[in-house]
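Here is a note for a colleague who is new to reading protein models. Please keep the sequence and the structure open beside the text while going through the points.

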Amino acid sequence: MFPWLLPLLGLAGTAVQVAGQIKAGQAAEEESRINAKALEAEKTMNAAVAKQNMNRRIADYQQNMSANIAQFSIGAGRADKSVEAFLKAQKETLGKDIKAIQTQGYLQQQADTVAVASEKARGKAAMTAARIEAGSTLLSGISAFGKVM
């Protein structure tokens with residue numbers, strides 16, 4: 001009846017398939033963008049937590065030192081060498097704790113940066129793959145149409 005109808009419908013089906021593949025790639029890319037934004041927010045929150053931990057450790061040190069100094073002033077007095085050694089050791093411990101908190105915060109920031117970059121790359125790769133797949137589908141459809149006509 002219409003010999004060109006079926007090949008034309010096949011070509012239309014190919015066009016729909018190509019559009020679907022591109023839409024799927026766009027959706028994956030958008031999902032990746034949303035995930036990357038969430039990871040960036042988490043990165044900011046992790047940095048704030050690290051600062052909060054450091055500030056809490058300093059506050060604990062200051063509170064403990066006040067209590068220790070008050071206790072020592074009742075007993076041997078601050079002039080005692082063992083008291084001075086104790087206070088110096090506490091200050092060194094604080095320094096080590098702060099350094100550990102800073103290092104942990106830095107490492108977490110680096111891990112978060114990698115996670116964000118990885119998520120963005122995943123989205124771009126999904127879109128690239130979708131375009132390649134859509135192009136291949138389009139060429140296959142055109143080829144099949146050409147063979148029938």
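1. A residue is called buried when its relative accessible area is under 20%, exposed when that value is over 50%, and partly exposed in between, with a 1.4 Å probe and protein chains only as cover. By this rule Glu-119 is buried, because its relative accessible area is 13%. The model is a predicted one, in which local features need pLDDT of at least 70 and side-chain atom pairs count only at pLDDT 80 or more, while totals for chains, interfaces and linings use all residues. Residues are numbered from 1 along each chain as its sequence is written, and side-chain values use heavy atoms, with hydrogens and water left out.

2. The overall form comes next. The chain has two helices and zero strands, where helices (H or I, at least four residues) and strands (E, at least two) are DSSP runs numbered from the N terminus. The radius of gyration of the chain is 32 Å, well over the 15 Å that the globule rule gives for 149 residues, so the chain is more spread out than a compact globule; this radius is taken over C-alpha atoms, and the globule rule is 2.2 Å times the number of residues to the power 0.38. Along its principal axes, the C-alpha trace spans about 110 × 15 × 10 Å.

3. Among contacts (heavy atoms within 4.5 Å) with a separation of 6 or more, residues 24 or more positions apart account for 88%. Ala-24 is found in helix H1 and counts as partly exposed, at 48% relative accessibility.

4. Which residues make up the largest nonpolar core? Met-54, Tyr-61, Met-65, Val-83, Leu-87, Leu-94 and Ile-98 do, seven residues in all, a nonpolar core being a set of buried Ala, Val, Leu, Ile, Met, Phe, Trp, Tyr and Cys residues joined through side-chain atoms within 4.5 Å. H1 and H2 each supply at least two residues of this core, and the largest share, four residues, comes from H2. Leaving aside neighbours within four places in sequence, Tyr-61 is in contact with Gln-90, Lys-91 and Leu-94.

5. The structure holds four salt bridges, each defined as a side-chain nitrogen of Lys or Arg within 4 Å of a carboxyl oxygen of Asp or Glu. One of them joins Arg-57 to Asp-97, with the closest N and O atoms 2.6 Å apart. Arg-57 lies in helix H1 and Asp-97 in helix H2, so this pair ties together parts that are 40 residues apart in sequence. Arg-57 counts as buried at 18% relative accessibility, whereas Asp-97 counts as partly exposed at 28%.

6. Two further salt bridges can be found within single helices. The side chains of Arg-33 and Glu-30 meet at 2.9 Å, N to O, and because these residues are three apart in helix H1, about one helical turn separates them. In helix H2, the side chains of Arg-122 and Glu-119 meet at 2.7 Å, N to O, and they too are three residues apart, or about one helical turn. Arg-122 is partly exposed, with a relative accessible area of 35%. Setting aside residues up to four places away in sequence, Glu-119 touches Glu-31, Ser-32, Asn-35, Ala-36 and Leu-39.

7. The last point concerns the surface. Phe-2, Trp-4, Leu-5, Leu-6, Leu-8, Leu-9, Val-148 and Met-149 form a nonpolar patch there, with about 830 Å² of accessible area together. Patches are made of residues with over 30% relative accessible area and no salt bridge, like charges being joined within 9 Å and nonpolar side chains (Val, Leu, Ile, Met, Phe, Trp, Tyr) within 5 Å. Helix H1 (residues 5-74) gives the most to this patch, with four residues. Leu-6 lies in helix H1 and counts as exposed, at 67% relative accessibility.

Key. Accessible areas come from the Shrake-Rupley method with a 1.4 Å probe; for residues, only the protein chains shown count as cover.
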